[in-house]
Amino acid sequence: MFVDSARIFVKSGHGGAGAVSFRREKYVPKGGPDGGDGGRGGSVYIVGKQSLRTLLSFRYKKRFIAESGKPGEGSLKSGSAGKDLFIYVPLGTVVYIEDQDKVVADITDPNKKILIAKGGRGGKGNAHFKTSTHQTPRFAQKGENGEEFFLRLELKLLADVGLVGMPNAGKSTLLAALTSAKPKIAPYPFTTLSPNLGVVEGKKHNSFVIADIPGLIEGAHKGAGLGDEFLKHIERTRLLLHLVDLSDETSSPLMRFKTIQNEMEMYQKNLLEKPLIVVGTKIDIPYNEEREEELKEYISNLNIPYFKISAAAHRGLKPLLKKVWSYFEEK
Ligand SMILES: Nc1nc2c(ncn2[C@@H]2O[C@H](COP(=O)(O)OP(=O)(O)OP(=O)(O)O)[C@@H](O)[C@H]2O)c(=O)[nH]1
Ligand SMILES: [Mg+2]
């Protein structure tokens with residue numbers, strides 16, 4: 001599993017100081033104490049947000065300091081509280097306090113606020129300290145300090161898009177063309193031995209994660225070629241791209257497509273309920289168009305969208321990406 005991580009500093013606000021003040025009114029020679037309380041410091045919360053996919057933003061912003069409370073004033077006026085600070089993270093983020101190496105939160109629910117650093121309490125004003133023997137207290141409490149920590153955030157990334165297909169179909173080449181991932185690519189089957197992940201960054205600070213898994217073969221669901229291990233990684237993806245090599249003339253693309261679909265179904269029936277896009281690959285090499293038609297006709301009857309690309313020559317990638325984004329745009 002791919003782990004994205006970040007280190008940030010958080011600090012809650014200090015409480016405001018209580019005030020030392022005495023009532024001063026005309027004709028009241030010795031007014032009593034009227035110092036108000038300091039305001040509470042702002043707290044720091046972590047909140048899970050569904051639309052976030054990476055911890056990338058923490059590369060740019062690493063310090064999160066909540067506002068302090070304002071001091072109290074005369075006439076029993078309390079200081080205002082410091083504003084709370086919310087740090088938004090993707091679901092799947094685990095939060096550790098650095099020195100203690102202790103998990104303080106495992107963010108799985110969207111929108112739930114988890115208190116990380118509590119704001120300091122405001123100090124009490126001198127009005128609180130008047131007693132029968134001490135009518136003019138000249139002291140007030142200071143505000144409590146805020147808490148501060150270095151936190152480590154770790155994201156256990158769940159991929160959004162899974163690439164499936166026979167060995168050598170061009171899955172790793174497509175991942176490399178769309179993301180900055182550098183998977184091994186070679187002209188023989190079973191080049192990829194464990195899943196590779198890459199992130200596609202959008203224009204609006206959004207992104208999605210693609211998982212390139214090793215090629216699947218007949219019997220994969222029962223463990224042939226470790227297929228069951230790999231199928232596990234696409235269980236939680238939201239969309240599958242099924243790559244079919246159009247240039248491979250040793251068998252028909254439709255047959256290869258059906259073989260893989262069948263393996264997925266045998267592994268877990270609901271894998272076939274996931275949105276699917278079929279992608280014909282390697283169109284820079286001449287291919288048999290009749291066989292392509294056969295595949296296209298079959299999937300169009302199932303209402304499965306079809307695109308064709310050359311990841312090596314960067315052809316057809318834009319329309320494919322556009323279609324993929326359409327599954328992730330927030331409705
Ligand atoms: N001409 C051409 N060759 C491609 C294209 N895409 C991939 N290839 C080649 O096809 C071979 C297999 O590509 P990979 O991306 O490693 O295929 P894969 O599906 O990841 O293979 P496994 O990891 O074994 O499952 C490599 O030699 C690639 O260079 C393409 O668009 N055009
Ligand atoms: Mg590969």
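1. Strand β12, which spans residues 239–245, has 7 of its 7 residues buried, so the strand is largely enclosed by the rest of the structure. Here, buried stands for a relative accessible area under 20%, exposed for over 50%, and partly exposed for values in between, with a 1.4 Å probe and protein chains only. Strands (E, at least two residues) and helices (H or I, at least four residues) are DSSP runs, numbered from the N terminus.

2. A word on the basis of this note: the model is predicted, local features need pLDDT of at least 70, side-chain atom pairs count only at pLDDT 80 or more, and totals for chains, interfaces and linings use all residues. Residues are numbered from 1 along each chain as its sequence is written, chains are lettered from A and ligands numbered from 1 in the order in which they are written, and side-chain values use heavy atoms, with hydrogens and water left out.

3. Which residues of β12 point one way, and which the other way? L239, L241, L243 and D245 point one way from the strand, whereas L240, H242 and V244 point the other way, and all of them are buried.

4. Strand β9 (residues 161–165) runs parallel to β12 and is joined to it by 5 bridges, with V164 standing opposite H242 of β12. Strand β13 (residues 276–281) also runs parallel to β12, and 6 bridges join the two; in this pairing L243 stands opposite V279 of β13.

5. K282 has its place in the loop between β13 and α4 (289–301), where it is partly exposed with a relative accessible area of 22%.

6. Where in the backbone do residues other than glycine show a positive phi? H314 has a phi near 55° and sits in the loop between β14 (306–308) and α5 (317–326). K282, likewise not a glycine, has a positive phi of about 65°.

7. Turning to the ligand, 22 residues are around ligand 1, and K171, T173, F190, T192 and D284 come nearest, where a residue is near a molecule or strand if one of its heavy atoms lies within 4 Å of it. The shell divides into 11 nonpolar, 8 polar and 3 charged residues; in this division Ala, Val, Leu, Ile, Met, Phe, Trp, Tyr, Cys and Pro count as nonpolar, Asp, Glu, Lys and Arg as charged, and the others, Gly among them, as polar.

8. Backbone atoms of the protein come up to oxygen atoms of the ligand at several places. A polar backbone atom of N168 is 2.9 Å from an oxygen atom of ligand 1, a polar backbone atom of G170 is 2.9 Å from an oxygen atom of ligand 1, and a backbone N or O atom of G215 lies 3.0 Å from an oxygen atom of ligand 1. Taken alone, ligand 1 exposes 650 Å², of which the protein buries 88%; accessible areas come from the Shrake-Rupley method with a 1.4 Å probe, and for residues only the protein chains shown count as cover.

9. How many salt bridges does the structure hold? There are 11, a salt bridge being a side-chain nitrogen of Lys or Arg within 4 Å of a carboxyl oxygen of Asp or Glu. Side chains of opposite charge can pair when their charged atoms come close. Among the salt bridges is that of K112 with D109, at 3.5 Å from N to O; K112 is partly exposed at 46% relative accessibility, and D109 is partly exposed at 38%. Another joins E265 and K269, also with 3.5 Å from N to O, where E265 is partly exposed at 32% but K269 counts as exposed at 61%.

10. Finally, F328 lies in the segment after α5 and is buried, with a relative accessible area of 12%. The C-alpha atoms of F328 and F208 are separated by 7.9 Å, although these residues are 120 residues apart along the chain.

Technical notes:
Polar contact = N/O pair within 3.5 Å; in protein donor to acceptor, adjacent residues only side chain to side chain. Pairing = 2+ DSSP bridges.
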